[in-house]
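How does one read a protein model from its overall outline down to single residues?

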Amino acid sequence: MGLYGERAGAFTMTAIDENERAAIESQLKILIRPMYSNPPRNGAFIASEILNNEELNAQWLVEVKGMADRIISMRTQLRDNLTKLGSTRNWAHITDQIGMFCFTGLNQEQVHRLTQEFSVYLTKDGRISVAGVCSNNVEYLARAMHEVTK
């Protein structure tokens, strides 16, 4: 699993303003330097246990398949909803692609509108995290994408 181990986890912070953000970031950089130099091995040990235990590995593979199937389903639902809304664009690329991220084909202006008008966040080149799409928001996302592409 690697000589130094792999990190697992995430950290998110919010700040009131730019000055507070800069101050927090400065302190975080001081705190994380030793962590990068001496990364924990916890994630590597857990992954090794799962990958080397037949029963746990089988369970993990079922769970990974479930996640992959869910992402495929969200891609299909997004495309179907866009079609149902009357979009005349070719959205085949949404279901032709694989993985957690999807290139939507939206341009920077459309991405900006999606963010500003619908609070849908994606990269400026139109790449969106399909893992963040769920049955509760896929119709909203389709409506928003349809609206900015009219």
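A residue is called buried when its relative accessible area is under 20%, and exposed when that area is over 50%. By this rule, 24% of the 150 residues of the chain count as buried. The model is a predicted one.

Start with the secondary structure. The chain has six helices and two strands. Followed along the sequence, these elements come in the pattern α-α-α-α-β-α-β-α.

Next, consider the overall dimensions. The C-alpha trace spans about 55 × 50 × 25 Å along its principal axes. The radius of gyration of the chain is 20 Å, whereas a compact globule of 150 residues would have one near 15 Å. The accessible surface amounts to about 10700 Å², and carbon and sulfur atoms account for 56% of that surface.

Contacts show how parts of the sequence meet.

Now turn to the interior. In soluble globular proteins, nonpolar side chains tend to be buried together. Here the largest nonpolar core consists of 22 residues, and L78, L114, V120 and M145 have the most contacts inside it. Two or more residues of this core come from each of the elements α3 (54-84), α5 (108-118) and α6 (138-148). Helix α6 gives the largest share, six residues.

Which residues does M145 contact, leaving aside its neighbours within four places in sequence? They are L78, L82, W91, I94, T104, L106 and L114. Two of these, L78 and L114, are also among the residues with the most contacts inside the core.

H146 is part of helix α6. Is H146 buried or exposed? Its relative accessible area is 13%, so H146 counts as buried. Apart from residues up to four places away in sequence, H146 touches L82, L85, G86 and S87. L82 is also in contact with M145.

T115 lies in helix α5. With a relative accessible area of 17%, T115 is under the cut-off of 20% and therefore buried. Neighbours within four places in sequence aside, T115 is in contact with V120 and Y121. V120 was named above as one of the residues with the most contacts inside the largest nonpolar core.

Key. Residues are numbered from 1 along each chain as its sequence is written. This is a predicted model: local features need pLDDT of at least 70, side-chain atom pairs count only at pLDDT 80 or more; totals for chains, interfaces and linings use all residues. Side-chain values use heavy atoms; hydrogens and water are left out. Helices (H or I, at least four residues) and strands (E, at least two) are DSSP runs, numbered from the N terminus. The radius of gyration is taken over C-alpha atoms; the globule rule is 2.2 Å times the number of residues to the power 0.38. Buried means under 20% relative accessible area, exposed over 50%, partly exposed in between (1.4 Å probe, protein chains only). Accessible areas come from the Shrake-Rupley method with a 1.4 Å probe; for residues, only the protein chains shown count as cover. A nonpolar core is a set of buried Ala, Val, Leu, Ile, Met, Phe, Trp, Tyr and Cys residues joined through side-chain atoms within 4.5 Å. Contact means heavy atoms within 4.5 Å.
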